[in-house]
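Hello,

The sequence and coordinates are below, followed by notes on what came out of the analysis.

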Amino acid sequence: MVGEHWIDLVDPTPKELRSHLPESIHDSALQLLLEPARHGDEPRPKLESHGDYVFGVFLVAVAVPEEDTVYYQEVDVVLTRDVLVTVSKTPEGRAPYDPSAVKAACKEDEPPAKLVYRVADDVAERYLNLIDSLDDEIDELEDRVEDWSPARIRERLSELRHDILHIRRTLGPTRDAVHRVVDNRVDLEGAELFTRDVELSFGDVYDKLLRATDRLELSRDLVAGVRDYEQAKISNDQNEVVKRLTAIASILLLPTFIVGLYGQNFLKMPEYHWGIWGYVWSWGLILGTTVLQVWYFRRRKWL
């Protein structure tokens, strides 16, 4: 039965943890298992051989679209020939990693090494799902470029870039840890723990993590594309403002010229002797040229 080969603990006490671990467990590994969940994307994922057991750390990045945030679930593994012990740690204010769905998918009497593959495969699938959510966030941001303020867009772009950076810092080591099993660099002393079929299964996990890495790079490019789109929109908006200010300045130029022309102290200017018609002529000239310019600029769509 799966329950006989897989012991899952959540934030265990030292006594509870000791009762399920091999006696040869190193103090440093025990200390890592007992440490509470750290902040962000720590500790570094790994899979290492330690004589008669294998010690590993997996980090699962979980997206929360409603909060536009990503948090990390840590699950540590101790694997022997007979049993798999997983230690899930509760992130602050979040839920710990839940392997119940993985256990339900396991076949009866699967060896512990195969159960580790199941955990690693679930971690890889969650990374793929995470990147799907990340791409949805990027698409939403691109759709909002026309509606949101530049400050809000820049803030969201910064958050997405930081999320991608942190995901890369966990995804890369996870891929390397799985690759160590594929390369047969993780095993017990004097015994084969990961059989050929288990190594092939880990190869499938490695392919998923490679695909997740490639898609993460694409997401990074998409974020850069949204940033360029936002910069282009700002530049276009500035051009429109400059165009309108230029049109307004041009509209005021001719009336200013006319007023300046008639403000000169000439004795022989005929319009001075036209009485009221001189004012009608000058004002008509000002209004006529202004209306003509407004019509012209609107036709050119500058106003």
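Helices (H or I, at least four residues) and strands (E, at least two) are taken as DSSP runs, numbered from the N terminus. On that basis the protein chain has eight helices and five strands, in the order α-β-α-α-β-β-β-β-α-α-α-α-α from the N terminus on.

This is a predicted model, with pLDDT of at least 70 required for local features and 80 or more for side-chain atom pairs, while totals for chains, interfaces and linings use all residues. Residues are numbered from 1 along each chain as its sequence is written, and side-chain values use heavy atoms, with hydrogens and water left out.

The C-alpha trace of the protein chain spans about 120 × 35 × 30 Å along its principal axes. Of the 303 residues, 41% are buried (under 20% relative accessible area, 1.4 Å probe, protein chains only).

Helix α6 covers residues 150–182 and reaches 47 Å from first to last C-alpha, close to the expected 48 Å (1.5 Å times one less than its number of residues). After α6 comes N184, with a positive phi near 60°.

The whole structure holds three cavities of 30 Å³ or more. A cavity is a set of points on a 1 Å grid over the protein atoms alone where a 1.4 Å probe fits but cannot get out; lining residues have an atom within 4 Å of a point. Volume is the space filled by probe spheres set on the points, which are joined across faces, edges and corners. The largest cavity has about 70 Å³. Its lining includes A63, D68, L130 and R156, and β3, β4, α5 and α6 each supply at least two residues.

Regards

How values were computed: On a 1 Å grid over the protein atoms alone, a cavity is a set of points where a 1.4 Å probe fits but cannot get out, and a pocket is an open set with protein on both sides within 12 Å along at least five of seven lines; lining residues have an atom within 4 Å of a point. Buried means under 20% relative accessible area, exposed over 50%, partly exposed in between (1.4 Å probe, protein chains only).
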